[in-house]
Amino acid sequence: QTALEIALDNNHMETAIRAYNNLAAVLPAEENEKSIEYLEKGYDLAKKTGDIHHISWIGDNLAGDYLGAGNMSKAFSLTEESVALDRKSGSQNHLTMSLGNLGYEYLILGEWDKSEKLINEAFEIAQRLKDFQAISVAYGNLCWLHAHKGEYKEVLEVAEKGYELMKKTGAK
């Protein structure tokens, strides 16, 4: 909160945008409405300043909160925008996250082929970048996909690969 106030007082918009995101991130799940409020302010400020990276990043986080609140149409729209902006800007690191989130949203809609295509694309990019966090998120999304399809043997195989990765990297 202090960082946000200082950033706004000194017209340092990038810091203010990050502060809005961070304020949302530290809130417990039951404070989803407050989180959405912070993210909307950060998203609006990013749009106002034309900061494509933060429009995508905060928009994708906001989509997750909208999804959690049951507003699928807003979530889907923001995630699609995030993927498009990541592709346009060449932000491969964030593209792994936005693709994975869009894949998860298609999973919720029951569109498994689209979901699998997006999750696999996120996984391939993450592997190329050697981004173990994005790889582990992709493993998680693949587990959810296989579980929804009733492919429990595949869930176990993918989960074991994810576990081995986390063990190898020392992540908890």
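These legends describe close-up views of a predicted model. Residues are numbered from 1 along each chain as its sequence is written, and side-chain values use heavy atoms, with hydrogens and water left out. Because the model is predicted, local features need pLDDT of at least 70 and side-chain atom pairs count only at pLDDT 80 or more, while totals for chains, interfaces and linings use all residues.

**View 1. The largest nonpolar core.** A nonpolar core is a set of buried Ala, Val, Leu, Ile, Met, Phe, Trp, Tyr and Cys residues joined through side-chain atoms within 4.5 Å. Buried means under 20% relative accessible area, exposed over 50%, and partly exposed in between (1.4 Å probe, protein chains only). The largest core holds 24 residues. Leu4, Tyr43, Leu45, Ile58, Leu62, Tyr66 and Leu78 touch the most other members. Two or more residues each come from helix 1 (2-9), helix 2 (13-25), helix 3 (32-49), helix 4 (52-68) and helix 5 (72-89). Helix 2 gives the largest share, seven residues. Helices (H or I, at least four residues) are DSSP runs, numbered from the N terminus. A second, separate core has 12 residues, including Ala138, Cys143, Val158 and Leu165.

**View 2. Helix 4 and its cover.** Helix 4 has 17 residues. From first C-alpha to last it reaches 24 Å, close to the 24 Å expected at 1.5 Å a residue. The expected span is 1.5 Å times one less than the number of residues. Among its buried residues are Trp57, Ile58, Asp60 and Tyr66. Their cover includes helix 2, helix 3, helix 5 and helix 6 (92-109). Just after helix 4, Gly70 takes a positive phi of about 90 degrees.

**View 3. Helix 3 against helix 4.** The two axes come within 9 Å and cross at roughly 155 degrees. Helix 3 is therefore roughly antiparallel to helix 4. Axes are lines fitted to C-alpha atoms, for helices over the stretch in contact, and angles run from 0 to 180 degrees between N-to-C directions. Angles under 35 degrees count as roughly parallel, over 145 as roughly antiparallel, 65 to 115 as roughly perpendicular and the rest as oblique. Contact means heavy atoms within 4.5 Å.

**View 4. Helix 4 against helix 5.** These helices pack at an angle of about 155 degrees, with their axes 8 Å apart. They are therefore roughly antiparallel to each other. Tyr66 touches Ile36, Glu40, Asn71, Lys74, Ala75 and Leu78, not counting residues up to four places away in sequence.

View 5. Helix 6 and helix 8 (residues 132-148) pack at about 10 degrees, with axes 10 Å apart. They are therefore roughly parallel to each other. Tyr104 and Leu107 of helix 6 take part in the contact, as do Trp144 and Leu145 of helix 8. Ser115 is found in helix 7 (residues 112-129). Ser115 is buried, with a relative accessible area of 0%. Beyond its neighbours within four places in sequence, Ser115 is in contact with Gly103, Tyr106, Leu107 and Leu145.

**View 6. Two loop residues with positive phi.** Asn11 lies in the loop between helix 1 and helix 2. Its phi is near 55 degrees. Asn11 is exposed, at 61% relative accessible area. Lys130 is found in the loop between helix 7 and helix 8. Its phi is about 60 degrees, although Lys130 is not a glycine. Lys130 counts as exposed, at 71% relative accessibility.
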